[in-house]
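The sequence and model come first, and the notes follow.

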Amino acid sequence: MPEAAEDPHVAVAAAVADHVVDPVGNEDVDWDLFDSQAYFAHNYGTLRWDDAAIIKIIADFFGASLPDKFIGHAIDVGSGTNFYPALAMLPYSFRVTLFERAYSNREWLSHSLEQPQSSWSDFWAEIASGRRHYDRITRPLELLADRAEVTKGNVFDLRPNRYNLGTMFFVAESITTRDDEFRRATRLFVDSLVSGAPFAAAFMRNSSGYFVGNKRFPACSVSEEDIREALDPVARRLEIQTVASDDLRDGYCGMMVATGRKK
Ligand SMILES: C[S@@+](CC[C@H](N)C(=O)[O-])C[C@H]1O[C@@H](n2cnc3c(N)ncnc32)[C@H](O)[C@@H]1O
């Protein structure tokens, strides 16, 4: 067993406590070192109750916001190894762009679309349960593989007015320690949608950073107020809900889900 001083978790916690950590911008991180397998196993190998609570919020929201025959181009920004935001947009999308910066995650996404992990069936069951737009889809993971397009992309390069619905989960606050980058990523995501388009975005509350495998990644500590301030210029009908979480995710003080429409 390593000595406490050698343990990277302990060393980083001590540095944070001493306020000696310099700001880490999105460009300062080698995102290609993101360990997709470790992240998937830690977060999405089984359906957890906090994700089930988020699923209820977003599936009910998209169901209530979009008419029966609506079909558009969806985007999920910073997909990582998470298919459930894309699955929640599936009934309303002829294409779902999985927009991801890290090569490792793009490889994981492409491979997993072809051979999905068994846990996604449990996520789908949660999404579809009692929701008519969803439960008429009989082979969701095959349909997702048909409609998904894994795309190399950087949230800071998103162009305005492109997509008809969108999701961005644990990205804007989990790719930088810088407040200005958190706000810019949040606004650019919503601005990439056409006017009136519905969106859902999830955020960790008060995160101080997180480990994926042995590598630490930066986070920006945000509150409900910070999210509201970031979204106000670009969103209307904004609602922010807090979801309690357990201690499986680092930097946990609960999670927040924002829904609304682009102005
Ligand atoms: C904490 S993970 C969240 C992954 C996933 N959305 C989820 O719900 O678990 C942050 C993701 O953002 C991606 N990312 C980092 N910088 C990015 C950028 N500038 N543009 C787009 N994605 C980025 C990372 O590669 C990673 O997949």
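Predicted model: local features only at pLDDT ≥ 70, side-chain atom pairs only at ≥ 80, totals over all residues.

Phenylalanine 169 takes part through its backbone: one of its polar backbone atoms is 2.8 Å from a nitrogen atom of the ligand. On the side of glutamate 100, an N or O atom of the side chain is 2.6 Å from an oxygen atom of the ligand.

The protein buries 99% of the 600 Å² that the ligand exposes when taken alone.

## The surrounding shell

Around the ligand are 23 residues, of which Tyr39, Tyr44, Gly78, Glu100 and Phe169 come nearest. Sorted by class, this shell has 12 nonpolar residues, 9 polar ones and 2 charged ones.

## Confidence of the model

The average pLDDT of the protein chain is 92, and 89% of the residues score at least 70. Residues 1-7 have pLDDT under 50 throughout. For this stretch, the model has 2 contacts beyond four places in sequence.

Notes
Residues numbered from 1 in each chain as written. Heavy atoms only, no water. Near = heavy atom within 4 Å. Polar contact = N/O pair within 3.5 Å; in protein donor to acceptor, adjacent residues only side chain to side chain. Areas by Shrake-Rupley, 256 points an atom, 1.4 Å probe, with all protein chains shown as cover. Nonpolar A, V, L, I, M, F, W, Y, C, P; charged D, E, K, R; others polar. pLDDT = per-residue confidence, 0-100. Contact = heavy atoms within 4.5 Å.
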